[in-house]
Amino acid sequence: GLERGAKNQFSTFSNFITTINQKKEGTGSRSPPTQLGIPNIKSVRDLPPICLDVRQKQRVSIDTLPQELKAPIPPEPALPIRTKTVKDFQDDMEKAKSSGDWKAVHDFYSTTFDSFLEINAAFKRDVNYPFNTIEDSGINAKFVNVVYDALLNTPQDVQKSVLKGIINGLLQEWKGPRTKDDLRAYCILLQNPQFSNTSTYVIYAHLLRQIAALTEADHHFLVHWSKKISQRRFKQLVDRLLQFISLRLFPAKPEEFPPMMKCTWWIPSATKVLALFNAANSLSGPPIISYTDFYNSTLDHIDLMEEYHNWQCYGNSHRFSFCQYPFIISIAAKKVIIQRDSEQQMISIARQSLVDKVSRRQKPDMNMLFLNVKVRRTHLVSDSLDELARKRADLKKKLKVTFVGEAGLDMGGLTKEWFLLLIRQIFHPDYEGILLIFGIISSFYCKLLVQLMGLAVYNSITLDIRFPPCCYKKLLSPPIVPCDHNALIGICDVTLEDLVQIMPELAHGLSELLSYEGNVEEDFYSTFQVFQEEFGVIKSYNLKPNGDKIPVTNQNRKEYVQLYVDFLLNKSIYKQFAAFYYGFHSVCASYALLLLRPEEVEILVCGSPELDMSALQRSTQYEGYQKTDLTIRYFWDVVLGFSLDLQKKLLHFATGSDRVPVGGMADLNFKISKSETSTNWLPVAHTCFNQLCLPPYKNKKELKQKLIIGISNAEGFGLE
């Protein structure tokens, strides 16, 4: 292993260890054990679950851990005294580069990484201080960064000495619980840039396995310490883990790795360590990186439904599934899971209807397999609500829409048109309208309204809805309807930022209260009692027991603001939002909702409002035309020059919706077909198939004129 040359390739982990042992025996050094020190771990299935759902495991202090996790802190062994500073190391590097003598640098690296104790001796800010709290890891981050930044620019023998030392540390025989020095060493080793090279993956895998096998209390420390890593290096760590998982799933050179059967624990270990960084990111305010940076698009190419079914069957047991760690699954992959799960539910419900019909010796009817909605355009809202109210038992069947008096057949286009027109009429774009709706209409109609949103997700339709973000948090609280009817639903943690999206003026006033530098009690003269108008009547509510007698002061104003926000967004609308919650889940009830973040639910419901017509141009298919034809060149010149409003009208005309689906423009499967009609005709669209039929107009001016007329007068369907 050590003699393979500049490429730094290692044949197998065991061969590499054997080489090290032989060299150490030759120099009279102590010989470490020849097997990895991971006692009592037979397979990855014995590893503990790590941060399975960070929404439910946001611990902020070791004191919040269960009593059994509060293991006594083992004594830290005495550390060697190492006095080298950042400046000393940088001077050694400069001398080595100019003279070509790397001995001092080699000695530093080989000594520093020879054991966990030496790592702490070099990088712990004060070797005599324990640093055993979650607030401070005690790591000299600047020194670590400088040493790692220089490592890849050193000769191969220096780099190999570091890997040799890491193996020494991993081979250490552990007795009793890990010390905080051990956790510090793990935290430092994870940042080693050498692990971006596939030749080091065997060593990297064993490092990840040991970290994954730590106790939950130890993970708690690593999570909080990871929050202190800089954004750039945090992202590098996440990307390195994602790359490790991707290359183990689909190796470019399979011969580089051991057979999959011998290292089934690689991917689970890496995913569990990645979960620690996801937890750290979620606990940080604001997050260090975007939640989308944890997506692994490689997983889009595996059998996701098998993963989903395994997870459904085995839950959060010892059988690994990526669905246990939904943060790693992209929104596009989650959409596929939800679509297929919905399709299976539709088939199951349709089959049951057919069986019931046959068992009663009645003649089967194709219409019984669908949720058939017949509406008049002139009475769109009332007809739609009446239809949904009468056909509650059919809500989980495939939706089919008929516009009375029109000959169009619904292959998907009429459904999109119905949703688009209905949502525009029902939902006011002003967020404050949401609370107004909850306050003035009956729970029955509120439930019907939100069923539309559930139907859209269930039938894979994107809507132009402007719900505030906290609404989606409430819809996932909890994501599965509880069996206990007395259980609270729709109650979630809300903040002043959530209120800003709904009542910006009130939120601004509360923010001013929090930052006020004077005497809050004397100047504001407020208590923990609030007033709200309901149907013209002013009512008072205590935010806490005897709130009308408790003044708001500089000391308790944060509590007052939090209770007030909670009252507005949870308690005061509980009954109305309960109808909203049950209406959504009456259609969308699925374990797949456990995989989603609130932001992802919003994307599934609303799609993206950002139109990238250049991306649409790149993914468009042609029938009867070539992309170099003059008519097609005229078309894209015109469309790319359209205003945003006209581009939305074109998208609506051709697809039935002006929203971009989750997968972007490429997911539209947009097609332009040549229409062999007269150029006097306007363009025609088949919204069921996202197809635009375009006559071969003679010039750009004529094409633009006919296209604008067509897309601006696009309501109604007919048959050719």
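Strand E6 (residues 671-674) runs parallel to E8, and the two pair over four bridges; strands here are DSSP runs of E with at least two residues, helices are runs of H or I with at least four residues, and both are numbered from the N terminus. Two strands count as paired if DSSP finds at least two bridges between them. This is a predicted model, where local features need pLDDT of at least 70 and side-chain atom pairs count only at pLDDT 80 or more, while totals for chains, interfaces and linings use all residues. Residues are numbered from 1 along each chain as its sequence is written, and side-chain values use heavy atoms, with hydrogens and water left out.

**The sheet around E8**

- Lysine 671 has glutamine 691 in E8 as its bridge partner.
- Zooming out, the open sheet has four strands in the order E5-E6-E8-E7, with mixed pairing.
- Strand E5 (621-623) and strand E7 (684-686) are the edge strands; each has a single partner strand, so one side of each has no neighbour in the sheet.
- On average, neighbouring strands of this sheet are turned by 25° against each other, direction ignored; axes are lines fitted to C-alpha atoms, for helices over the stretch in contact, and angles between N-to-C directions run from 0 to 180 degrees.
- E7 and strand E8 (residues 691-694) pair in the antiparallel sense over three bridges, and valine 684 has cysteine 693 in E8 as its bridge partner.
- Helix H27 (residues 644-655) packs on the sheet and touches E7 and E8, with its direction at about 60° to that of E7; contact means heavy atoms within 4.5 Å.
- In a regular strand the side chains alternate between the two faces of the sheet.
- In E8, Gln691 and Cys693 point one way, Leu692 and Leu694 point the other way, and all are buried (buried is under 20% relative accessible area, exposed is over 50%, partly exposed is in between, with a 1.4 Å probe and protein chains only).

- You'll find arginine 361 in the loop between helix H13 (331-359) and strand E1 (370-375), where it is exposed at 81% relative accessibility.
- The glycine 285 to proline 286 peptide bond is cis, with omega near -5°; proline 286 sits in the loop between H11 and helix H12 (304-314).
- The serine 477 to proline 478 peptide bond is cis, with omega near -5°; proline 478 sits in the loop between helix H18 (469-475) and helix H19 (496-500).

**Aromatic rings and charges**

- The count comes to 35 aromatic pairs; rings of Phe, Tyr and Trp (its six-membered ring) pair if their centres lie within 6.5 Å, and planes under 30 degrees apart are stacked, over 60 edge-to-face and the rest tilted.
- Phenylalanine 234 and phenylalanine 277 have ring centres 5.6 Å apart and planes at 80°, so they make an edge-to-face pair.
- That pair links distant parts of the chain, with phenylalanine 234 in helix H10 (residues 231-249) and phenylalanine 277 in helix H11 (residues 266-283), 43 residues apart.
- Phenylalanine 234 is buried at 0% relative accessible area, and phenylalanine 277 is buried at 3%.
- Phenylalanine 577 and phenylalanine 580 have ring centres 5.1 Å apart and planes at 35°, so this pair is tilted.
- Those two are three residues apart in helix H23 (residues 574-588), so about one helical turn separates phenylalanine 577 and phenylalanine 580.
- Ring pairs also join Phe89, Phe108, Tyr109, Phe113, Phe123, Phe143 and Tyr148 into a cluster.
- Lysine 400 lies over the face of phenylalanine 370, 4.5 Å from the ring centre; a charge sits over a ring if NZ of Lys or CZ of Arg is within 6 Å of the ring centre and within 35 degrees of the ring normal.
- Arginine 597 has its charged end over the ring of tyrosine 291, 4.3 Å from its centre.

**The chain as a whole**

- The chain has 28 helices and eight strands, and 50% of its 720 residues count as buried.
- In helix H15, 12 of the 14 residues are buried, including Trp418 and Phe419.
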